[in-house]
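Please report on the structure shown below. A short account under plain headings is enough.

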Amino acid sequence: MSTILNSNVVNNNFNGKEIKRMHIMAKPIGAVCNIDCNYCYYLSKQGLLDYKKGCSPEIEDETLEHYIRNYITSQNAPQIIFSWQGGEPTLLGVDFFERVVALQDKYCPNNVEILNDLQTNGTLIDDKWCQFLKRNNFLVGLSIDGPQMLHDSYRTNKSGRGTFNKVMKTVDLFHKHQIQFTTLTCVNNLTSRNPLEVYRFLRDEVRSPMMQFIPIVEKRDFREFAPDSTNNNLLIPKQGDKSLIPGNSRSIVEPWCVSDVAWGNFLIAIFDEWYQKDIGRVHIQYFEAILQAWSGRQNPMCTLGPVCGKGMAMEPNGDVYTCDHFVYPEYKTGSILEDDLETLAYSSKQAMFGLDKINQLPKKCQQCDYQFACFGECPKNRFIKTENGEAGLNYLCAGWHKFFSHADKDFSQILRTLKQPVANGKYTHV
Ligand code: SF4
Ligand code: SF4
């Protein structure tokens with residue numbers, strides 16, 4: 001996302017008032033999607049949120065206008081970022097997004113820039129879409145899991161056929177139309193075993209301008225129950241237990257998940273190749289964000305920062321939830337049809353949700369050498385116990401720790417090469 005220098009920003013002020021920002025991931029078509037990826041965490045929301053059978057969950061015109069107006073007026077900042085997700089938002093067609101842009105223009109204050117990002121599975125994109133995306137400067141996140149064999153293992157259409165060829169046509173279109181895009185790659189039980197195949201494919205064939213990797217972690221009961229890091233039930237496995245291995249008959253996670261160790265190994269393999277050959281010319285979101293933690297700044301990614309709650313999620317009926325990964329009834333904070341967005345964003349429920357991330361860190365994390373870079377990672381994944389039996393440890397802990405230890409010296413070296421101070425890690429005084 002580009003940044004702008006705005007002469008109206010003075011310290012923490014904009015237009016003479018304190019800067020106020022928020023971020024919402026809007027789902028104008030909810031969990032509805034044209035394809036059927038096995039590991040999608042959102043498709044099951046159709047049942048959980050009780051979408052009415054036979055009814056399209058598409059956001060109504062009135063709700064859309066209300067949302068856009070309210071989202072703009074609730075913020076005081078030189079830039080306002082709208083994020084559109086699904087399900088598959090491109091199912092709504094270019095015309096829907098033309099309306100979005102027209103409404104944004106209608107309510108945008110003079111000296112404010114509005115930016116849009118859109119996440120897509122890339123199967124419905126054509127020239128018309130690209131012309132729209134280019135004209136309106138959308139940043140697009142494209143889901144692609146690697147070479148055909150790996151991508152098509154899970155990213156299939158409703159008849160079970162792989163979507164790889166369609167997505168690669170979209171990649172060509174994006175390059176042809178010079179669309180700003182990033183790639184989003186799910187690290188599951190298969191992709192995690194083939195890190196270099198995935199990385200080299202994204203680098204050399206997709207020519208991804210920015211690679212984002214998402215570890216796929218879902219407890220078997222995720223369709224019905226929200227993650228609960230405070231659950232201290234005797235049956236919850238400890239780190240290292242066999243029941244945490246995806247595919248094990250007693251496993252508590254879905255078989256397509258990445259294991260903790262495989263996650264660490266995946267990051268290490270890619271990091272080593274990137275560090276040796278590609279640094280400066282290939283962009284990997286995790287590595288660039290983690291480098292900030294080594295330099296003493298805050299990691300810009302919520303998953304690795306100290307608090308949550310900066311990004312809410314909105315369903316097409318206007319219901320707002322604390323986070324995209326906590327769209328469960330008990331995490332609903334309100335509705336844009338009844339509540340002001342500013343009130344929801346700054347509510348005590350939202351604040352508590354955010355602070356729980358640091359307040360509920362188990363002792364193991366508090367004493368960890370890499371707490372500064374990890375902060376116990378995403379609370380969605382904190383469902384195992386430490387070896388000592390303390391609840392709330394992150395399922396991916398072993399992998400994260402292995403990666404941080406492995407890359408520690410190299411992150412410090414990168415900062416020294418950039419003539420920046422090394423504030424954290426074991427090599428601050430070398
Ligand atoms: S729950 Fe996870 S995804 Fe949501 S804000 Fe917190 S760290 Fe980010
Ligand atoms: S690496 Fe493990 S122990 Fe360290 S902060 Fe992350 S989750 Fe906690």
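## Helix H2 and its packing

The buried residues of helix H2 pack against strand E4 (23–26), strand E5 (79–84), helix H3 (93–107), strand E10 (311–314) and helix H10 (341–345). Contact requires C-beta atoms, placed from the backbone, within 7 Å. Helices (H or I, at least four residues) and strands (E, at least two) are DSSP runs numbered from the N terminus. The buried positions in H2 are Tyr67, Ile68, Asn70 and Tyr71; a residue is buried with 20 or more other C-beta atoms within 10 Å of its own, exposed with 12 or fewer, and partly exposed in between.

This is a predicted model, in which local features need pLDDT of at least 70, side-chain atom pairs count only at pLDDT 80 or more, and totals for chains, interfaces and linings use all residues. Residues are numbered from 1 along each chain as its sequence is written, while chains are lettered from A and ligands numbered from 1 in the order in which they are written.

## Shell around ligand 2

The residues around ligand 2 (C-beta atom, placed from the backbone, within 6 Å) include Cys365, Cys368, Cys374, Cys397 and His401. Helices H12 (363–366), H13 (371–374) and H14 (397–417) each give two or more residues to this shell, and H14 gives the most, with three.

## His177

His177 lies in helix H6 (residues 164–177). His177 is partly exposed because 16 other C-beta atoms lie within 10 Å. Not counting residues up to four places away in sequence, His177 touches Cys130, Gln131 and Lys134.

Definitions and conventions: Two residues are in contact if their C-beta atoms, placed from the backbone, lie within 7 Å.
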